[in-house]
Amino acid sequence: MNDILSSSIDELELTVRTTKNLKFSGIYRVDELVQKTRVELSRLPNIGAKSLSDIEQVLEKYNLSLGMKITECQGK
């Protein structure tokens with residue numbers, strides 16, 4: 001799991017628009033993304049319900065979710 005957490009959000013194969021908007025907001029790596037809650041992401045510019053849904057679906061493929069505490073994952 002640490003491999004995916006330390007990778008770029010580009011590896012998640014999100015839409016170009018969503019990836020661009022996350023980067024514009026300073027989120028570049030998967031570990032930065034999963035630490036955000038749904039509410040925090042919804043407050044970012046141009047991240048709406050569709051983008052949130054897409055992000056959650058992609059993260060689920062990697063057994064990840066929003067609002068994770070990274071310290072919980074690092075020892076595993």
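T19 is buried, with a relative accessible area of 9%. This residue belongs to helix α2, which covers residues 16-24. The model is a predicted one. The protein has six helices and zero strands.

**T19 and its contacts**

- T19 counts as buried because its 9% relative accessible area falls under the 20% cut-off.
- Beyond its neighbours within four places in sequence, T19 is in contact with I9, D10 and L14.

- T19 is one of the buried residues of α2, along with T18, N21 and L22.
- These residues cover an arc of only 165° around the axis, so they sit on the same side of α2.
- Cover for the buried residues of α2 includes α3 (30-34), α4 (38-42) and α5.
- Which exposed residues does the face of α2 turned away from its buried side carry? They are V16, R17, K20 and F24.
- G26 follows α2 and has a positive phi, near 90°.

**S51 in helix α5**

- S51 lies in helix α5.
- Is S51 buried or exposed? S51 is buried, because its relative accessibility is 5% and the cut-off for buried is under 20%.
- Leaving out residues up to four places away in sequence, S51 touches R17, T18 and N46.
- S51 and I27 are 24 residues apart along the chain, and their C-alpha atoms are separated by 14 Å.

**Positive phi in the loops**

- Most residues other than glycine have a negative phi.
- E13 is not a glycine, yet its phi is positive, at about 60°.
- E13 is placed in the loop between α1 (2-5) and α2.
- With 69% relative accessibility, E13 counts as exposed, because the cut-off for exposed is over 50%.
- N63 also has a positive phi of about 60° and is not a glycine.
- Where is N63 placed? N63 is in the loop between α5 (49-61) and α6 (70-74).
- N63 is exposed, because its relative accessibility is 65% and exposed means over 50%.

**Overall fold and dimensions**

- From the N terminus on, the elements run α-α-α-α-α-α.
- A compact globule of 76 residues would have a radius of gyration near 11 Å, and the protein agrees because it has 11 Å.
- The C-alpha trace spans about 35 × 20 × 20 Å along its principal axes.
- Among contacts with a separation of 6 or more, 56% are between residues 24 or more positions apart.

**Burial, surface and charge**

- How many of the 76 residues count as buried? The share is 38%.
- The accessible surface comes to about 4,900 Å². Carbon and sulfur atoms account for 48% of that surface.
- The protein has 11 positive and 11 negative charges.

Note on methods:
Residues are numbered from 1 along each chain as its sequence is written. This is a predicted model: local features need pLDDT of at least 70, side-chain atom pairs count only at pLDDT 80 or more; totals for chains, interfaces and linings use all residues. Side-chain values use heavy atoms; hydrogens and water are left out. Helices (H or I, at least four residues) and strands (E, at least two) are DSSP runs, numbered from the N terminus. Buried means under 20% relative accessible area, exposed over 50%, partly exposed in between (1.4 Å probe, protein chains only). Contact means heavy atoms within 4.5 Å. The arc is that of the directions from the helix axis to the C-beta atoms. The radius of gyration is taken over C-alpha atoms; the globule rule is 2.2 Å times the number of residues to the power 0.38. Accessible areas come from the Shrake-Rupley method with a 1.4 Å probe; for residues, only the protein chains shown count as cover. Lys and Arg count as positive and Asp and Glu as negative; His and the chain ends are not counted. The place of a charge is taken as NZ of Lys, CZ of Arg, CG of Asp or CD of Glu.
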